[in-house]
Amino acid sequence: MRFLFCQNCNKKLLQVDCFDNIAIKCNRCKQINHFSCVAQSPKSVATQ
Ligand SMILES: [Zn+2]
């Protein structure tokens, strides 16, 4: 779980679990924020 913040005014926009690419319009400053997420725990790596 992580939070996404507006890249312009730093307002907290959304709490997300996982995503690839997302665009969120900030309600405060109307900035459209694009986020792209790189998987932090690749499924191809199974060490347990
Ligand atoms: Zn904003």
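In this report, strands are runs of at least two residues that DSSP assigns as E, and they are numbered from the N terminus. The structure described here is a predicted model, and read along its sequence the chain follows the pattern β-β-β-β.

**Overall picture**

Of the 48 residues of the chain, 4% count as buried. Among the contacts in the chain with a separation of 6 or more, 11% are accounted for by residues 24 or more positions apart.

**The hairpin of β1 and β2**

The strands β1 and β2 run antiparallel and are joined by four bridges. One of the residues taking part is Arg2, whose bridge partner in β2 is Val16. Together β1 and β2 form a hairpin, with six residues between them. In the loop between β1 (2–5) and β2 (12–16) lies Asn10, which is not a glycine and yet has a positive phi of about 70°. Most residues other than glycine have a negative phi.

Is Asn10 buried or exposed? Asn10 counts as exposed, because it has 11 C-beta neighbours inside 10 Å, and a residue is exposed if 12 or fewer other C-beta atoms lie within that distance.

The hairpin of β3 and β4 has six residues between the strands, and Lys30 is located in the loop between β3 (21–25) and β4 (32–36). Although Lys30 is a residue other than glycine, its phi is positive, with a value near 70°.

How many C-beta neighbours does Lys30 have inside 10 Å? The number is 10, which is why Lys30 counts as exposed.

| Residue | C-beta neighbours inside 10 Å | Exposure |
|---|---|---|
| Asn10 | 11 neighbours | exposed |
| Lys30 | 10 neighbours | exposed |

Taken together, the turn of the hairpin formed by β1 and β2 holds Asn10 with its positive phi of about 70°, while in the hairpin of β3 and β4 a positive phi near 70° is taken by Lys30.

Methods: Residues numbered from 1 in each chain as written. Predicted model: local features only at pLDDT ≥ 70, side-chain atom pairs only at ≥ 80, totals over all residues. Buried ≥ 20, exposed ≤ 12 C-beta atoms within 10 Å, placed from the backbone. Contact = placed C-beta atoms within 7 Å. Pairing = 2+ DSSP bridges.
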